Amino acid sequence: MSPGDGSVVPVLEVGGTHVTSACVDIGTRGLRSCRSFREPMDGDGSAEEILSALVRCARRLATDGSGPWAVALPGPFDYERGFGRYEGVGKFDALRDFDLRTALTAALPGATTVSFWNDADAFVLGEWWAGAARGHRSVVGITLGTGVGSCFLRDGRIVRQGPGIPPDGRVHTLRYAGGPVEETVSRRALRRAYARATGASPPDVREIARRAREGDEAAADVFAETFSALGRVLGPSLAAFEPTVLVVGGAIAGAWDLVAEPLRAGLDEADHTRTRHIVIAPAQQPTQAPLLGAAYLATACGEEPRER
């Protein structure tokens, strides 16, 4: 199953504070004219305000006539029906039970249909199709930011169940130290750990990373402990699923020099004999991969490729 060459698919990628638009050229596996557009967006805003930001960003694209659009966005979302399922997740509460498909189909330039895709799935498909996982048959990808996003692939098909795969392929459902893994591995968890270690009000992760590089032992220890823990959590799943590559993206992966070594150490501590062959790679397309993956998913026979 593969998308048709020659297609150009307009795509939106929606985050908690921004929206990005681009036209993806399926034939070249890249962005048309190598361009994307970004607009700020308030994830706590009203449905009308969020919709307005999406449409404003979309209208910056020069689209060729009418056709399908693709949208990558985080869950919980009813991707098949196009309705939000957000409640108490800190963003997009106004989209709960809001018919985003109907609203966008009416407002996006030339839209005949609008398909929705999970942003972590789109990221990993994008890296498999045109990034760090290209050429690999068995892939796991994770995104590190406000939480831990994930996707498991075999031969370009999303796998939701089977040996080593957490419920629905979502690593955030796993537990560590008696609690959800995101209580240890996430933006808020890193900041909280640094605050505990220093007794000071925590800066954002970018600043903690800067301090670690400049010799702040507390900052360095927080990164080391956080990502070795993630490796120990992932180890059993990866040992059973047997990917040849683990691709890591998301905002926190920007501190790759502080993430890679403890992540590898944690994986090897969990099961060295079955994880040592796995390549651990940062995303090659950290900002474009969700756009590319959403376009791929939208054009691969019009449906999400997956194993059941």
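The legends below describe close-up views of a predicted model.

View 1. Helix H1 covers residues 47-58. The buried residues of H1 are Ala47, Ile50, Leu51, Ala53, Leu54, Val55, Cys57 and Ala58. Among the elements that cover these buried residues are strands S1 (8-14), S2 (18-25), S4 (37-40) and S5 (67-73). Helix H2 (100-107) is also part of this cover.

**View 2. Arg101 in helix H2.** Arg101 belongs to helix H2. With a relative accessible area of 21%, Arg101 is partly exposed, because only values under 20% count as buried. Leaving aside residues up to four places away in sequence, Arg101 touches Tyr79, Glu80, Arg81 and Gly82, and also Val114, Ser115 and Phe116. Cys23 lies 78 residues from Arg101 in sequence, and the C-alpha atoms of the two are 19 Å apart in space.

**View 3. Packing of helices H4 and H5.** Helix H4 (residues 187-198) packs against H5 at an angle of about 50°, and the two axes are 10 Å apart. The two helices are therefore oblique to each other. Their crossing is left-handed. On the side of H4, the contact is made by Arg187, Leu190, Arg191 and Tyr194, and on the side of H5 by Val205, Ile208 and Arg211. By class, this contact of H4 with H5 comprises four nonpolar, no polar and three charged residues.

**View 4. Packing of helices H5 and H6.** Helix H5 (residues 205-213) also packs with helix H6 (residues 217-241), at an angle of about 115° and with the axes 7 Å apart. H5 and H6 are therefore roughly perpendicular to each other. The crossing of H5 and H6 is left-handed. H5 contributes Val205, Ile208, Ala209, Arg211 and Ala212 to the contact, while H6 contributes Ala219, Ala220 and Phe223. The residues of this contact of H5 with H6 comprise seven nonpolar, no polar and one charged.

**View 5. Helix H8 and Tyr296.** Helix H8 spans residues 289-299 and includes Tyr296. Ten of the eleven residues of H8 are buried, so the helix is largely enclosed by the rest of the structure. Among the buried residues are Ala289, Pro290, Leu291, Leu292 and Gly293. Tyr296 itself counts as buried, at 3% relative accessibility. The C-alpha atoms of Tyr296 and Leu125 are separated by 7.6 Å, although the two residues are 171 residues apart along the chain.

View 6. Most residues other than glycine have a negative phi, and most peptide bonds are trans. A cis peptide bond joins Gly75 and Pro76, with omega at about 5°. Pro76 is situated in the loop between S5 and strand S6 (77-78). Ser33, in the loop between strand S3 (30-31) and S4, has a positive phi, near 60°. The relative accessible area of Ser33 is 59%, so Ser33 is exposed. Glu242 likewise has a positive phi, near 60°, and is placed in the loop between H6 and strand S14 (245-249). At 48% relative accessibility, Glu242 counts as partly exposed.

Technical notes
Residues are numbered from 1 along each chain as its sequence is written. This is a predicted model: local features need pLDDT of at least 70, side-chain atom pairs count only at pLDDT 80 or more; totals for chains, interfaces and linings use all residues. Side-chain values use heavy atoms; hydrogens and water are left out. Helices (H or I, at least four residues) and strands (E, at least two) are DSSP runs, numbered from the N terminus. Buried means under 20% relative accessible area, exposed over 50%, partly exposed in between (1.4 Å probe, protein chains only). The expected span of a helix is 1.5 Å times one less than its number of residues. Contact means heavy atoms within 4.5 Å. Axes are lines fitted to C-alpha atoms, for helices over the stretch in contact, and angles run from 0 to 180 degrees between N-to-C directions. Angles under 35 degrees count as roughly parallel, over 145 as roughly antiparallel, 65 to 115 as roughly perpendicular and the rest as oblique. A crossing is left-handed if the near helix is turned anticlockwise from the far one by less than a right angle, and right-handed if clockwise. Ala, Val, Leu, Ile, Met, Phe, Trp, Tyr, Cys and Pro count as nonpolar, Asp, Glu, Lys and Arg as charged, and the others, Gly among them, as polar.
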